Amino acid sequence: MFPKGTKRKFSDSGEEPVSSSDQGQAASSAAAARTLSSSYSLQRQSLLDMSLIKLQLCHMLVEPNLCRSVLIANTVRQIQEEMTQDGTWQIMTQALAAAQCPADRLVATEVLCRQTDAAAQAGQSPKPFSGDVETEVTMSTLSPVSPQLSSASYLAGPFGEQVFGTFEIKHPAPPPDPALEELFSDVDPSYYDLDTVLTGMQSAPKMGPYDLLESLSSHGPTALSSSSSCRSDLNELDHIMEIIVGS
Amino acid sequence: MMGAGGGNSDVQWCFSQVKGAIDDDVAEADIISTVEFNHSGELLATGDKGGRVVIFQQEPESKDQPQCRGEYNVYSTFQSHEPEFDYLKSLEIEEKINKIRWLPQKNAAQFLLSTNDKTIKLWKISERDKRPEGYNLKEEDGRYRDPNTVTTLRVPVFRPMDLMVEASPRRVFANAHTYHINSISVNSDCETYLSADDLRINLWHLEITDRSFNIVDIKPANMEELTEVITAAEFHPNQCNTFVYSSSKGTIRLCDMRASALCDKHAKMFEEPEDPNNRSFFSEIISSISDVKFSHSGRYMMTRDYLSVKIWDLNMETRPVETYQVHEYLRSKLCSLYENDCIFDKFECCWNGNDSVVMTGSYNNFFRMFDRGYRQDVTLEASRENSKPRSVLKPRKVSTGGKRKKDEISVDSLDFNKKILHTAWHPLDNIIAVATTNNLYIFQEKLN
């Protein structure tokens, strides 16, 4: 996955890899610096995505390994700090915020970006998934308050809501919506909320479409499973929901 | 008896035995999760992921074969822990045995503590080789006799029977840990022991199961502020008031229970300053200590982090007195090892009987020994290929540079699924137990 023998990888503290260059080679060095730093940024971003997925995969049948979660969370914090220092963090979050154009995607992202804020969530419209039978079936098995709320409300911790609420909303109609796919391909800023990650780890129960999460990681941090596998996991979700609701 | 000086230069290791299934398809329940000799070395206990404990006993040395120390054969097998379900959190509680610790022997029976993530149990292992015969009211098969047929009385006598080894749970220490128990350690007073989870350490009395005392608590008021967890803890071998615990940030804290009831304030903190040249995003992860062990003398302690073994003098907190690189060639592979989670593997380490040699495991079923006196180290392999009886183990080498010599293995050929996490050294002799995923290898010093 990563080129072998690359010494640089994550070895510096965030300064530009090339700090000095000969006058005569200024142009090529600068270009090399940009390439080197962009490859460093790419690898750093990739490490960040990988870490976030690892954190989400913690929620399985058995209680997550707290030591591992803390170490990964600390790594994410480190990356976050470094990216904040060189300004790339703000750029990234702004880009993600700007990507929310269609109203239907707004719903999903809005819910994700918030903490346990039932009032705010209640204000969201359930429109995007109204035409979808499967989703309606899923939604209707949840608590009757509102589709967004109900998808999240059964979970104990806020991070759990954000992670599993995400996938609940993500299970829509068969024809893959390119807009939705594009949304899913980004890592949402809510995932960067480490505080809720750690809080949620203690209280979040085990359920969740971890099959979906696993297929996520196998496809790499920036790709997502197709909606066909979403559909198969929908049955899993239904089953889990039945247990929760006690039907 | 050790070789002269116990130095590694004298010792050649031979294969002695291997226990466990031969086939490559490993059943999850058979994965060995802990290995421990008892205080005399006569008994060797293993725990597995299925919650079972298997105890091997060393056969007495036979006069016919003075070259060979006794073999270890199965002595007792029992199911220590069962899987449980935490209904409140909707989570399973694994039955995997995390640690086994023997109590010093006081009478004919043997006692050990075994623990999974949540519950510690005290087991009594006793032998029965006699049984009473000649009851007046019972037949030999147990049926009751009609009292009218009894005309004479006799005193029942003990007659020999086939040896039966019984394991019975004598104490269950439950409901004291919210987080996963990673360590247990019996105090030198033989009355108390500690159990440590990710955030807390509790002190127990062996006789009392419904009460334990919390002696360390590093849980922050706000869990969002959690950045460090406890990874291992151990009592000092001689001083019953002293214990240490290690953390995921590479620190070791030594605490004195006489100072206060809650030992949150350490008496000493051992930490080596970070090497700025080796700084990376993985620095903290690889500094996390996976095991801490006092030397038998109590003067030193050893810690294991991902890439190295460090020996600390208890009188010097600023840095270790010795550092041994276990597999430095992995430093350039940390990103891949992070991706496949190997970077979180928790390797254990152990001392030999006279504290002159230390041992720890690695990947590809390799394990490493470091002789502190002779400043030598050796890499050996636990594999079925080298398992002819009494065959001497050949040292292995991992090639780090470009040129790979004959018999060397390149880093990229290492099998990271074959990891040796658990090793144990006989307290008196040069006999070692090395656990691969589901097999237990016993190696002995070559005696002439």
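Predicted model: local features only at pLDDT ≥ 70, side-chain atom pairs only at ≥ 80, totals over all residues.
Helix H2 of chain A, spanning residues 66-85, contributes 3 residues to the lining of the second largest cavity, the largest share of that lining. Sorted by class, the lining comprises 6 nonpolar, 3 polar and 4 charged residues. The volume of the second largest cavity is about 120 Å³, and the structure as a whole holds 9 cavities of 30 Å³ or more.

Attention then turned to individual loop residues of chain B. Asn38(B) occupies the loop that joins strand S2 (32-37) to strand S3 (43-48) of chain B. The relative accessibility of Asn38(B) is 5%, and this residue therefore counts as buried, the limit for that class being under 20%. Apart from neighbours within four places in sequence, Asn38(B) is in contact with Leu43(B), Trp102(B), Gln110(B) and Pro427(B).

Backbone geometry was examined next. Most residues other than glycine have a negative phi. Cys190(B), which is not a glycine, has a positive phi of about 60°. This cysteine is located in the loop between strand S12 (181-186) and strand S13 (192-197) of chain B. Because its relative accessibility is 22%, Cys190(B) counts as partly exposed.

A positive phi of about 60° is also found at Asn364(B), again a residue other than glycine. Asn364(B) lies in the loop between strand S25 (357-361) and strand S26 (366-371) of chain B. With a relative accessibility of 10%, Asn364(B) counts as buried, whereas Cys190(B), at 22%, is partly exposed.

Note on methods. Residues numbered from 1 in each chain as written. Chains lettered and ligands numbered in written order. Heavy atoms only, no water. 1 Å grid on protein atoms, 1.4 Å probe; cavity = no way out; pocket = protein on both sides within 12 Å on 5 of 7 lines; lining within 4 Å. Points joined across faces, edges and corners; volume = space filled by probe spheres on them. Helix = DSSP H or I, 4+ residues; strand = E, 2+ residues; numbered from the N terminus. Nonpolar A, V, L, I, M, F, W, Y, C, P; charged D, E, K, R; others polar. Buried < 20%, exposed > 50% of the residue type's maximum accessible area, 1.4 Å probe, protein only. Contact = heavy atoms within 4.5 Å.
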